[in-house]
Amino acid sequence: MASSKTIPFPRPTTTPRSSLLLSLSNLNSSSSSSSISFLRLRCQSRSPFLGQAARLEDGASAIAAVQRRRDLQVAAAGDPRPTVLVAEKLGEAGLALLREHANVDCSYQLSPEELCAKISLCDALIVRSGTKVTREVFEAARGRLRVVGRAGVGIDNVDLQAATELGCLVVNAPTANTIAAAEHGIALLAAMARNVAQADASMKTEKWQRNKYVGVSLVGKTLAVMGFGKVGSEVARRAKGLGMRVIAHDPYAPADRAHALGVELVSFDEAIATSDFISLHMPLTPDTSKILNDNTFAKMQKGVRIINVARGGVIDEDALVRALDNGTVAQAALDVFTEEPPPKDSKLVKHENVTVTPHLGASTMEAQEGVAIEIAEAVVGALKGELSATAVNAPMVPSKVFSELSPYVVLAEKLGRLAVQLVAGGSGIRLVKVVYTSTRDPDDLDTRILRATITKGIVEPISNVFVNIVNADYTAKQRGLRISEERVFHDGSPEIPLDSIQVCFSNVESKFASAISDSGDIRVEGRVKDGVPHLTLVGSFSVDVSLEGNIILCRQVDQPGMIGQVGNILGEKNVNISFMSVGRTARKKQAIMAIGVDEEPDKETLRKIGKIPAIEEFVFLKL
């Protein structure tokens, strides 16, 4: 193995991150609990229901009103069953299921103040996307609220950190609206291509404009599906049926699943540069926020058409207006927006080449009933103390175990996040091997938390799944990830649970060739030093760099002055270097330079680094 040398840079003294920042979907330890199950049902007296009668939506049937009054009467009489507050419209099948097991209070359009006033009388809360479940709501519950159910996929409106800290499980309904969303994407694609909405509006003003609304054919055109998960793959299946050529970008999509549908997995840049239509099916994360912007629009074919039934924030809406105005984007069909509802004076909504719908992706009768049943089953199960595969925050763990493994949990997630960024676009990740080096007997080392955080690091950055110890194995299986674990005995102190963690991806291509080990897999390894995770191995090169901030990896010819050249370029742009380490195969041969940086360098800075003659390849990794 290659030797390494470490060059420390002056850096401010920092306290190691606490266990509350372990990022296992906000995995936290109760400050007073030694071994408390997150899902243990709390035994407490039930306060009589004293809330005011909820407002029924306009048009609600008399039968529903009678049923609700019955629920309130039962609750007021001291029924020991739990109380479920349904704060937004839910399908009748779901309500019926809830009423078999709980008292149901359907109170719609509550203000934040009304929700906080009512929540202390409820054991569970069910919302859609319109109700904000903030820290104030959880605190106002005063410990009684045990479950929050999100009737849908995204949980942007729920404060997961507060939920976990205050002992409340959060579950969602991720599968029931898949077909509805895919069908709406195809509907928008076809309507946009044939100007259906514009022609309809024109005819209703008594105009007959056949020449103005000439459309484009779908047959033979290339559709890029950005995000090849459940909805994206269903859109691809239907687009193939329309005679379209379908390509997709998704670093986590198994290649065999794509090939089975006749879909080619490609890089992000290739997808946007070669397609006639682009359909977005990615979650909103820091990495995908405004991923379609001025720079990406400039890389597209002139006359491209955009469909978005995912999340509004993945498009820079001002940039899209500019692209529409200059003809780069011929048309757009949008179901989601950064702000919902969008401002009344929105240039995007009013643009003549834009087709819009008010977030109707999941709005079919079948999907609404399916979501209602799915979330009702999850909430009822959680109230009974059952674990749910759709849980999106983690159960509590024994504080002793958590305290001991907390720095390794941070290391595990960052190794997974780092390794997945080394995978070249179009390479489907299937085989993941994790190697733990430890002095402990296997029975004395529970690696479930570590495996969950590695899965989180691999999957979560561009996924709408929140990975935790409850759903990690389920998530990996659903995404075709086969994660194996090996343990290597290390002759050291038994007081230290782990010496190192190694993450390997097999049968994938790497955008940074030096990350490929002698056995042909992408390999990264790390250790915890003084409570801080460090990267210690990339491919076959030994390095030593703190996994805080971001990292630049460079493969270079080992020669004097390289550290100075790179350091000067970063210094000119005021990019602070926290750590730098160089590992080499032999003197004046190839070397790997790992640079920890606090800020993200701009593209020009990275371009300058890449132009240094002795640098053969480099990659920037966000942690």
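A polar contact is taken here as a pair of N or O atoms within 3.5 Å, where within protein one must be able to donate a hydrogen and the other to accept it. In the predicted model, the side chain of Asn 550 reaches the backbone nitrogen of Leu 623 at 3.2 Å, which is within the 3.5 Å limit. Asn 550 is placed in strand β20, which covers residues 550–557. Because its relative accessibility is 12%, Asn 550 counts as buried. Apart from neighbours within four places in sequence, the residues in contact with Asn 550 include Ile 595, Gly 596, Val 597, Asp 598, Phe 620 and Leu 623.

A further side-chain to backbone pair involves Ser 346, whose side chain reaches the backbone nitrogen of Val 349 at 3.2 Å. Ser 346 lies in the loop that runs between β12 (329–334) and α13 (347–350). With a relative accessibility of 11%, Ser 346 counts as buried, the cut-off being under 20%.

Helix α16 comprises the 12 residues 448–459; at 1.5 Å a residue it should span 16 Å, and its end C-alpha atoms are 16 Å apart, so the two values agree. The helix is mostly covered, with 11 of its 12 residues buried. Among the buried residues of α16 are Arg 451 and Lys 456, along with Ile 449, Leu 450, Ile 454 and Val 459.

Cysteines were also examined. The structure holds zero disulfides. Cys 504 has a relative accessibility of 0% and therefore counts as buried, whereas Cys 116, at 24%, counts as partly exposed.

Conventions:
Residues are numbered from 1 along each chain as its sequence is written. This is a predicted model: local features need pLDDT of at least 70, side-chain atom pairs count only at pLDDT 80 or more; totals for chains, interfaces and linings use all residues. Side-chain values use heavy atoms; hydrogens and water are left out. Helices (H or I, at least four residues) and strands (E, at least two) are DSSP runs, numbered from the N terminus. The expected span of a helix is 1.5 Å times one less than its number of residues. Buried means under 20% relative accessible area, exposed over 50%, partly exposed in between (1.4 Å probe, protein chains only). A disulfide is a pair of cysteine sulfur atoms within 2.5 Å. Contact means heavy atoms within 4.5 Å.
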